[in-house]
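Dear colleague,

Please find the structure we spoke about just below, with the sequence beside it. My notes on what was found follow, and I would be glad if you read them with the model open.

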Amino acid sequence: MTMARTLTVAGSASQGSAGIQADLKTFQELEVYGMSAITAIVANNSRTEQGIFTQSLDSIEAQVHASLEHVGSDAIKTGMLFTTEIIDLIAQLIKDSGVKKIVVDPVMIGKMGSQLLKDDAIETMKEKLFPLASIITPNLNEAGRILEDKVPEEPEEMKEAAKALHQLGPEYVLVKGGSLTTHQAVDILYDGNEFKELYAERVETIHTSGAGCTYSAAIAAELAKGSSMEQAVDFAKNFVTEAIRHSLSFGRGIGSTNHAAYRKNYK
Ligand code: PXL
């Protein structure tokens with residue numbers, strides 16, 4: 001047998017909801033063969049106040065080579081990249097790989113408040129990584145930071161942001177409006193020509209850790225299996241909406257999206 005393959009290059013979120021953990025769970029749910037290269041380990045230790053353990057460039061490069069040389073990949077997703085040096089390395093490795101389906105989630109701040117991208121790395125991400133991307137998937141805050149502009153507050157402003165972001169070189173832009181207070185959770189997909197609005201019922205919950213990672217991982221999985229971008233994003237929107245609707249609380253703070261919810265089809 002063979003299987004579509006997807007590599008995620010991202011941070012490890014030890015609590016299991018986001019980052020590499022969300023990506024691999026999502027890949028498994030969607031029946032693609034999942035591989036990972038861990039850029040940093042995010043594990044807040046309230047005792048030592050140490051929270052982010054960056055991997056060396058050698059380690060990251062070796063992980064990417066191990067997956068691409070031994071298995072190969074139909075798509076690559078990037079999440080937390082943290083530093084300028086890591087972004088430089090990953091941009092070069094993506095170019096060398098010849099993989100064409102590239103999903104860039106410009107992760108900046110975690111739901112628990114961890115800084116997942118250094119301020120001085122934003123420029124490098126824009127210059128080196130966005131032009132390689134099939135799609136970038138910023139949320140509203142990320143869109144504002146990348147454009148050094150105000151945070152979009154309604155769908156028309158999201159469209160303006162999508163246009164400006166498209167100028168930075170990605171094939172598609174998905175601006176995610178999950179943090180708006182509108183009745184529905186609306187996202188804008190832009191291909192440089194046309195806007196597509198994606199709607200889902202808003203689910204009132206604080207337990208959304210991993211939602212962004214899960215969304216972009218589902219896009220990568222569907223692209224790997226051969227879907228068009230429109231199909232992949234449509235599907236991923238449903239997948240993440242179910243993951244939020246049936247999110248998990250373990251009784252302490254912000255809980256996790258439920259990566260299995262789409263398959264389980266809970267009533
Ligand atoms: O949800 C964003 C995110 C991405 N990557 C890692 C994270 C988080 C949030 O906590 O820890 C590694």
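**Strands and sheet**

Ile-76 stands opposite Ile-102 in S5, at a place where strand S4 (residues 75-78) and strand S5 (residues 102-104) run parallel and are joined by three bridges. Please keep in mind throughout that this is a predicted model.

These two strands belong to an open sheet of nine strands, whose order is S3-S2-S1-S4-S5-S6-S7-S8-S9 and whose pairing is mixed. Strand S3 (52-54) and strand S9 (195-201) stand at the edges with a single partner strand each, so that one side of each has no neighbour in the sheet.

Within the sheet, S1 and S2 run parallel and are joined by eight bridges, with Arg-5 standing opposite Tyr-33 in S2. Eight of the nine residues of S1 are buried, so this strand is largely enclosed by the rest of the structure. S8 and S9, by contrast in direction, run antiparallel and are joined by seven bridges, and here Tyr-190 stands opposite Phe-195 in S9. The hairpin that S8 and S9 form has four residues between the strands, and in it Gly-192 takes a positive phi near 95°.

Helix H8 (residues 229-245) lies across strand S6 (135-136), strand S7 (172-176), strand S8 (184-190) and S9, and runs at about 20° to S9.

**Two helix pairs**

For the pair of helix H1 (residues 19-29) and helix H7 (residues 211-224), the axes come within 9 Å and cross at roughly 40°, which means that H1 is oblique to H7. The crossing of H1 and H7 is right-handed. On the H1 side the contact is made by Gly-19, Ala-22, Asp-23, Thr-26 and Phe-27, and on the H7 side by Cys-213, Thr-214, Ala-217, Ala-218 and Ala-221. Sorted by class, the residues of this contact between H1 and H7 are six nonpolar, three polar and one charged.

For the pair of H5 and H6, the axes come within 10 Å and cross at roughly 50°, and H5 is therefore oblique to H6. The crossing in which H5 passes H6 is left-handed. H5 contributes Leu-140, Ala-143, Ile-146 and Leu-147 to the contact, while H6 contributes Met-158, Ala-161, Ala-164 and Leu-165. The class count for the contact of H5 with H6 is eight nonpolar residues, with no polar and no charged ones.

**Single residues to look at**

Pro-152 lies in the loop between helix H5 (140-147) and helix H6 (155-166), and with a relative accessible area of 5% it is buried. If its neighbours within four places in sequence are left aside, Pro-152 is in contact with Leu-140, Ala-143 and Gly-144, with Glu-157, Met-158 and Ala-161, and with Leu-180. Pro-152 and Val-175 are 23 residues apart in sequence, while their C-alpha atoms are 9.5 Å apart in space.

Lys-126 is found in helix H4 (residues 122-129). Is this lysine, Lys-126, buried or exposed? Its relative accessible area is 12%, so Lys-126 counts as buried, the cut-off for that class being under 20%. Apart from its neighbours within four places in sequence, Lys-126 is in contact with Pro-131, Ile-146, Glu-148 and Leu-168. Leu-165 is 39 residues from Lys-126 in sequence, and the distance between the two in space is 9.2 Å, C-alpha to C-alpha.

Two further residues deserve a look for their backbone. Glu-31, in the loop between H1 and S2, has a phi near 60°, a positive value in a residue other than glycine; Glu-31 is also exposed, its relative accessible area being 60%. Asn-265, which has its place in the segment after helix H9 (261-264), likewise has a positive phi in a residue other than glycine, here near 50°.

With best regards

Notes:
Residues are numbered from 1 along each chain as its sequence is written. This is a predicted model: local features need pLDDT of at least 70, side-chain atom pairs count only at pLDDT 80 or more; totals for chains, interfaces and linings use all residues. Side-chain values use heavy atoms; hydrogens and water are left out. Axes are lines fitted to C-alpha atoms, for helices over the stretch in contact, and angles run from 0 to 180 degrees between N-to-C directions. Angles under 35 degrees count as roughly parallel, over 145 as roughly antiparallel, 65 to 115 as roughly perpendicular and the rest as oblique. A crossing is left-handed if the near helix is turned anticlockwise from the far one by less than a right angle, and right-handed if clockwise. Contact means heavy atoms within 4.5 Å. Ala, Val, Leu, Ile, Met, Phe, Trp, Tyr, Cys and Pro count as nonpolar, Asp, Glu, Lys and Arg as charged, and the others, Gly among them, as polar. Two strands pair if DSSP finds at least two bridges between them. Buried means under 20% relative accessible area, exposed over 50%, partly exposed in between (1.4 Å probe, protein chains only).
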